[in-house]
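Welcome! Let's take a walk through this structure together, one step at a time.

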Amino acid sequence: MIRTPLTDLLGCTVPIQQAPMGTVSSPLLAVAVAEAGGIGSINTLGLAREVIRQRLDHMRGQTDGVLAVSFLTDDIDADAVADAASRVPIVDFFWSTPRPDLVDLAHRGGALVNWQVGSAAEARAAVEAGADMVSAQGVEAGGHCRGDSPLLPLLCQVLDAVDVPVLAAGGIADARGVAAALAAGASGVRMGTRFIATEESAAHPDYVAAILAAGANSTRITDAFNACPLCEVSPRARVLVSAIEAVEAIGVDVVGTMKGTDGETSVPRRSWLPPTRNISGHIEAMAMYAGESAALVDTVVPAAQLVRSLADGAEARLASVRRSCGAR
Ligand SMILES: Cc1cc2nc3c(=O)[nH]c(=O)nc-3n(C[C@H](O)[C@H](O)[C@H](O)COP(=O)(O)O)c2cc1C
């Protein structure tokens, strides 16, 4: 078992957070990860307060593991944060300037706060605002990219800048990456793209297939999917190049249909919505967010199996490095 300041703080057994990933990170996925000893996360963007509450109560009925709930942008319902904080151990913020009032709200509800940042200055601001941990997001990361720095130099700068547990995010998809981040001083890792190819992910099968097919340099930061609340602030997200080329080439205003509890809605061209199982249409031209780590993803596995193999593999690799370095 790998023990770090993060596992000590949260009481989890694996220092791996499955990143919140918009509509891709299903409650099923988050629960599976939490049950396996990691941190399972869901996102709240576009969800009504009552829906968030019901979803969390249902998830809490399925696991006592560590769950996180993510809030994006400055347009945040304070009551929803309070609801989330009273139900899960971590409230997660991203894509807004760190705010002491939001951190305070989460703390008063009984949760710890993780703020994902893209620079050392932002990490410092998050900790000054009261965050209990930060996720340092390198520019290799899938989805919306906050900063410009590759993970390793950013991680080192953030570790120097703050004295709370730091999670490393971006470009990590296997046990080698987990071990490397921990060896550099991270207390945990936050992985998104790898979890798209799990049995519990809500990603559309064509999206999963595109991730499996992706090789080196298959992703790019783009503003092509700018019908998006995050892109109103800063239009930059890392997406598969194939999807960027397809959306530029397609000659329609509506690329698909999404089935929901209230019936069907149209998916406009350039929508921020990633293709999930309840969406049909031109999947190839939708927002297939993915990090450079997609090049390392070549199997679909149950999430619990993935968490266990990452943890066991990283532990073995760290032990082997310790032995080989000690032998010199
Ligand atoms: C499909 C997808 C959706 C994402 N959506 C969110 C989100 O809703 N909230 C968030 O904080 N981060 C989001 N991210 C970014 C992750 O938090 C994290 O920084 C990233 O996944 C790490 O890089 P990796 O994809 O190489 O593992 C998303 C990433 C992906 C791949």
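## Where the ligand sits

In this predicted model, the ligand lies between domain 1 (5-200 + 299-326) and domain 2 (205-293), because both domains give residues to the shell around it.

How many residues surround the ligand? There are 28, and the closest are Ala141, Gly142, Gly143, Gly192 and Gly291. Next, look for two strands, β3 (66-72) and β9 (188-191): each of them supplies at least two residues of the ligand's shell. Sorted by class, the shell holds 13 nonpolar residues, 13 polar residues and 2 charged residues.

Now step back to the whole protein, which is divided into domain 1 (5-200 + 299-326) and domain 2 (205-293). Taken over C-alpha atoms, the centres of domain 1 and domain 2 are 23 Å apart. Where the two domains touch, domain 1 brings 24 residues to the contact and domain 2 brings 19 residues.

Let's follow the side of domain 1 that touches domain 2. The elements giving two or more residues to this side are β7 (143-144) and α9 (193-196). Which element provides the largest share of that side? It is α9, with 3 residues. By class, this side of domain 1 is made up of 11 nonpolar, 10 polar and 3 charged residues.

Terms used. Residues numbered from 1 in each chain as written. Predicted model: local features only at pLDDT ≥ 70, side-chain atom pairs only at ≥ 80, totals over all residues. Near = placed C-beta within 6 Å. Helix = DSSP H or I, 4+ residues; strand = E, 2+ residues; numbered from the N terminus. Nonpolar A, V, L, I, M, F, W, Y, C, P; charged D, E, K, R; others polar. Domains from an automatic or database assignment. Contact = placed C-beta atoms within 7 Å.
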